[in-house]
Amino acid sequence: MLVFIVLLTRLWSMQIINGESYKKEAAQNSLREATTIAPRGRIFDCNGKVLVGNRSTMAVLAPTTIVNDTPLVLRLAKILGMTKQEVIDKATTKKEAALDLRVIAIDVPMKTVAYIEEHSTSFGGVEVQARAVRTYPNGSVAAHVLGYTGEISDTQLNSSTFKNYDPSDIVGKTGAESSFESVLQGVRGRRVLEVNAQGKIQTIVSETQPGSGQDIELTLDLKTQKVAEASLKKAIMRSRAAGNKAVAGSAVVMDVNTGAIVAMASYPTYNPEEFINGISTKTWKRFNSKSSSYPLTNRAIMSVYPPGSTFKAFTSLTGLNYGLINTATTFDCVGYWTGLGKTWGKWCWLHTGHGIQNLYSALINSCDTYFYNVGLRDYKTGKENQQKLARQFGFGKLTGIDLPSEARGRVPDAKWKAAWNANYPEYKKWLPGDSVNLAIGQGDLLVTPLQLVTAYSAIANGGTIYQPHVFKSALSSEGKTVITAKKKVTGKPSVSNSSVQTLQSNLRAVISQSASGPKLSNVGVPVSGKTGTAQKTEENDYAWFAAYAPSNNPKYAVVAMIEQGGGGGTYALPVVDDILVSLFK
């Protein structure tokens, strides 16, 4: 009797007291809104060749509730070739909105898709949807410029930049994919679904189709990019075969009259395709390990190095511009320089000495002794003219390129040294030797290959610093250009025209008069440039070569750098040679 009274009371409560509440809840549970991901815009080179495209593939999705149905989880795991735990992990990810289906697997074979659909009663709540994923028709080519995509992170979701994004959106993580995210990202579609009490879809109540993101064109030229990457790798292998520890390097090509980046290579590299389905922990560790030489690092903009003798071009300008030397000034190189006293003597790279040198011959021979003297003269002025001029040419600060994670580099001076050695008072004072080392591109000076090519572009065009950029244009859905990049001047170094013209003439002579000349004879146009071989403690030399061409009407500047590659004229110069031949023949 007591049990009967309790049941009657419970029934009365449900129907009379809470009836409206249950009714409302039931109605809410019958509808579910889901979103569909929009295809990202494609990425083309400057000639309209596809660098990053899209392809359609099939994805299997399921609601979170399937974790309560062990037999279903096991069936899914078996048909998808996954473990039970992998299915559960995918189904319970918090990366997606509470009511959205979870992506269990992507790139699922059609045979598997057909099986799931034919046996839908055994896969209650499971859906198969078409998805667009990235394609890379050229494999790893330009990977560092293009970047890769992945699921939006919690940090990104919490930032104002991504305020309208969904937790499961695919976004650009690095490179152009990241820089131009707002253009490439499409608009999600929306579906309102009616589902039964078990969560199974009964019908689609309403649906809005997703809108594709905009296509963009980059300034990269695919042909030149391929040549740069192949030649860089070949040079590294050749250096390594000769006994050097060369494992990495970069090469950059810039239009000296616009700042457009024509090619940007970094080695080692990676294939962005590996990120499409989410990257494994093992692969991620490999990408970020010293043993693999950090292939995700874009060494053209993210790594800094001493520039070695390529910097003598700017020391020349310092000497001419600030009256430290003139074209007739000579110094005698006997191989061992004692300008700071015998205790602090320094070798020229040619230990037998170059003899009497003026600026013209000193640049051709890359005579260290000549530039030691220029550095010492500048030190004695107490005005840090070398640093002032270097900063005017863009060293020690960001170039502003439209790619993420650019390094600033460093132009050392007395203030920096005092701060850097704040805890070591004996090393805080800027000394004459610091200025002397700076004059030959050594000491604490650090530059990126991009900074160097930007500065050499300014020498080539007569003294204008253009902001480097990889964005060329954005396209409408009809393929028409709707946004075009404009060249931007970021600096006009205060140097006289005569100083620049003297340097231009000398850099032309470096190629035409020195031993390196014949190696560039196949380019077909006159080339100006400078080698560099930078030293780092307990490492092999770093190989550099910076050039521009045609000398009489400059169009392109090119810089190549190989970490621990050895001599710049032996290993970096051939990379520039290959690139220039490709550009002019």
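Predicted model: local features only at pLDDT ≥ 70, side-chain atom pairs only at ≥ 80, totals over all residues.
Local features need pLDDT of at least 70, side-chain atom pairs count only at pLDDT 80 or more, and totals for chains, interfaces and linings use all residues. Residues are numbered from 1 along each chain as its sequence is written, and side-chain values use heavy atoms, with hydrogens and water left out.

**Strand β11.** Helices (H or I, at least four residues) and strands (E, at least two) are DSSP runs, numbered from the N terminus. Eight of the eight residues of β11 are buried, so the strand is largely enclosed by the rest of the structure. Buried means under 20% relative accessible area (1.4 Å probe, protein chains only). Ala248, Ser250, Val252 and Met254 point one way, and Gly249, Ala251, Val253 and Asp255 the other. Strands pair if DSSP finds at least two bridges between them.

| Partner of β11 | Bridges | Sense |
|---|---|---|
| β23 (residues 556-563) | eight | antiparallel |
| β12 (residues 261-267) | six | antiparallel |

Val253 bridges to Val558 in β23. Ser250 bridges to Ser266 in β12. β11 and β12 form a hairpin with five residues between them. In its turn, Gly259 has a positive phi of about 90°.

**Helices α18 and α19.** The two pack at about 105°, with axes 9 Å apart. That makes α18 roughly perpendicular to α19 (65 to 115 degrees). Axes are lines fitted to C-alpha atoms over the stretch in contact, and angles run from 0 to 180 degrees between N-to-C directions. Tyr456, Ile459 and Ala460 meet Val500, Leu503, Gln504 and Leu507. Contact means heavy atoms within 4.5 Å.

**Thr369.** Thr369 lies in helix α14. Thr369 is buried, at 2% relative accessible area.

Definitions and conventions: Buried < 20%, exposed > 50% of the residue type's maximum accessible area, 1.4 Å probe, protein only. Parallel < 35°, antiparallel > 145°, perpendicular 65-115°, else oblique.
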